[in-house]
Amino acid sequence: MIIETIETIVGFLNSLLWGKLLVYALVGAGLYFTLRLLFIQLTHLGHSAKVMATSRQGCESGLSSFQVFCTSMAARVGAGNMAGVAVAIGAGGPGAVFWMWLIALLGMATAMIESTLAQIYKVKDKDGQFRGGPSYYMERGLGQRWMGILFSVFLIIAFGLVFNAVQSNTIAGALEIVFDVKEAYWFDVKASYWIGIFLVLASSVVIMGGLRKVARVSEVVVPIMAFAYILIAMVVVGMNIEQLPTIIELIVNSAFGWQEAAAGGVAYTVAQAMQSGVARGLFSNEAGMGSAANVAASASPTPNHPASQGFVQMIGVFMDTIVICSATAAIILLAGDLSGVNVSEGDKGIQLTIAALTNHVGDWGGLFVALAILLFCFTSIIANYSYAETNVLFLSNNSRKVLPLFRLCVLGMVMFGAVAKIQLVWDMADLSMGLMATVNIIALVLLSGVAMRVINDYRDQLSEGKEPVFDKSQFPELEGHIEEGIWTGEPVVRSDKGL
């Protein structure tokens, strides 16, 4: 009875947020930032990749931009890319993929704004590590600590707790399907509990080491796993290249309900495709949610300018949705008739991806997906924790007492997710990230003028052939709002040893 009541309340709030508010807010904000920045996600895409690729060196006070890129990708690339795409297609049809693309393209501009703001208003913690994100620019930029507290609470619930349950649930589901152990018991304990225990132990080894340990693990694992997944998707596309134009046409027609017009279901079909695509797209790339901005603030960027990290996060959104989510969509849609695989129940999103890849390459495809989802979701768990840790510290300065307790709560949710009913977990994830995004978008719009001026300063220096360096004296409106000693107007001295 209690679970049913929770499901009803969560379902109602999600329909309100995603059906009437956030779809338009995210698209509207992304379009506004895109126009104000003169389509920066297209004109400076190459520069974004260059900044990311040439910024592996770190310094004592912060992570390198490349480490931050890998950490943010660790959080982005996970259940949303493999199970989430399948759930979106199952709920909204192939057209959901189109809306995932759109929210990603517009979201690249939003990511540019929020990551630039995170860099501007970042602070140093007691260990000399940079910290920042929406909570910090809400407090320092807008002077509204209550707003930062509200965002922090939503983020801690979403990333520290609920999202980690989603990731562990996806891992458990994939392993149970591939190895056929869903109803198996080992030593009188159900297999899903053993999977949960393994994930708890592995996660605890990393998260107990803090943000730098998370960054080091992400820097190694993320590039390898992303490359392998993209490679297998390219093989699948190559095997079915003649079907590709038909699939693209199907995605576009389904997005606007053109092929369903005769059935009289256009409004429902378009609404479902849009809602599913935007929700799953946001869950995957996080643009506008404010989450990636937390780790973006941890970087000591190259060049030493707040906008530099904005470019890095912009390419992260592109890689996550336009490249990796599209890879999953191609695998599923090119597989042909998979009507025997039921994703409407919600607990079989990953099963559709497994069935599709197995259809293409044989039984080893299921093993590959199981390994990929294990790595994808595991790195998401540890990166999600790093986001939440920054906001726990925003709320409390007594880290020695608070962080150990919070880490236990995170590990508890990892265990819960491995054995929980997936539909409720996904619905809770949608609600928590929707509340986060609502608060963050308001702050982004209010602070967009500052971000625009800083980004334009970067572009002006770049067009003059200079390596951009942030000189805070050129921005008197920031006086008293940014921490002293961080933005010195000089390039940062870096270590070849990295971190």
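Is glutamate 477 buried, partly exposed or exposed? I began my notes on this predicted model with that residue. At 34% relative accessibility, glutamate 477 counts as partly exposed.

**Entry 1. Salt bridges**

I searched the whole structure for salt bridges and found 7. I then went through several of them in turn.

Glutamate 477 pairs with arginine 453, and their side chains meet at 2.9 Å, N to O. Arginine 453 belongs to helix α18, whereas glutamate 477 belongs to the segment after α18, so this bridge ties together parts that are 24 residues apart in sequence. I looked up the exposure of the arginine as well: arginine 453 has 41% relative accessibility and counts as partly exposed.

The segment after α18 supplies another partner, glutamate 483. Its side chain meets that of arginine 140 in a salt bridge of 3.5 Å, N to O. Arginine 140 is in helix α7, residues 134-140, so the pair ties together parts that are 343 residues apart in sequence. I recorded glutamate 483 as partly exposed at 22% relative accessibility. Arginine 140 is also partly exposed, with a relative accessible area of 24%.

Next I looked at arginine 131, which forms a salt bridge with glutamate 389; the closest N and O atoms are 2.9 Å apart. Strand β2 (residues 130-131) holds arginine 131 and helix α16 (residues 364-395) holds glutamate 389, so the bridge ties together parts that are 258 residues apart in sequence. I noted that both arginine 131 and glutamate 389 are buried. Salt bridges with shared partners also bring in Arg407, joining Arg131, Glu389 and Arg407 into one network.

**Entry 2. Aromatic pairs**

How many aromatic pairs does the structure hold? I found 9. Tryptophan 99 is buried, at 9% relative accessibility.

Phenylalanine 311 and tyrosine 458 form a tilted pair, with 5.0 Å from centre to centre and 40 degrees between the planes. Phenylalanine 311 lies in helix α14 (residues 306-333) and tyrosine 458 in helix α18 (residues 422-463), so the pair ties together parts that are 147 residues apart in sequence. I checked the accessibility of both residues and found phenylalanine 311 and tyrosine 458 buried.

I also traced a cluster in which ring pairs link Phe159, Phe163 and Tyr387.

**Entry 3. Charges over rings**

I looked for charged ends placed over aromatic rings. The charged end of lysine 122 sits over the ring of phenylalanine 130, at 3.9 Å from the ring centre. Arginine 145 places its charged end over the ring of phenylalanine 394, 4.5 Å from the centre.

**Entry 4. Record and helices**

I consulted UniProt, where an unreviewed entry lists transmembrane regions, including residues 191-211, 315-335 and 432-455. I compared some of these spans with the model.

Residues 315-335 are 90% helix and 0% strand, and the end C-alpha atoms lie 29 Å apart. Residues 432-455 are 100% helix and 0% strand, with the end C-alpha atoms 30 Å apart.

Helix α9 covers residues 191-207 and has 17 residues. From its first C-alpha to its last it reaches 24 Å, close to the 24 Å expected at 1.5 Å a residue. I listed its buried residues, among them Ala191, Ile195, Leu199, Val206 and Ile207.

**Entry 5. Valine 162**

Which helix holds valine 162? I placed valine 162 in helix α8, residues 145-178. The residue is buried, with a relative accessible area of 4%. I then examined valine 414, which is 252 residues away from valine 162 along the chain; their C-alpha atoms are separated by 8.7 Å.

**Entry 6. Cysteines**

How many disulfides does the structure hold? My search returned 0 disulfides. Cysteine 325 is buried, with a relative accessible area of 3%. Cysteine 409, at 40%, is partly exposed.

Key:
Residues are numbered from 1 along each chain as its sequence is written. This is a predicted model: local features need pLDDT of at least 70, side-chain atom pairs count only at pLDDT 80 or more; totals for chains, interfaces and linings use all residues. Side-chain values use heavy atoms; hydrogens and water are left out. A disulfide is a pair of cysteine sulfur atoms within 2.5 Å. Buried means under 20% relative accessible area, exposed over 50%, partly exposed in between (1.4 Å probe, protein chains only). Helices (H or I, at least four residues) and strands (E, at least two) are DSSP runs, numbered from the N terminus. The expected span of a helix is 1.5 Å times one less than its number of residues. Rings of Phe, Tyr and Trp (its six-membered ring) pair if their centres lie within 6.5 Å; planes under 30 degrees apart count as stacked, over 60 as edge-to-face and the rest as tilted. A charge sits over a ring if NZ of Lys or CZ of Arg is within 6 Å of the ring centre and within 35 degrees of the ring normal. UniProt positions are given in the numbering used here, feature names are shortened, and annotations may be inferred rather than shown by experiment. A salt bridge is a side-chain nitrogen of Lys or Arg within 4 Å of a carboxyl oxygen of Asp or Glu.
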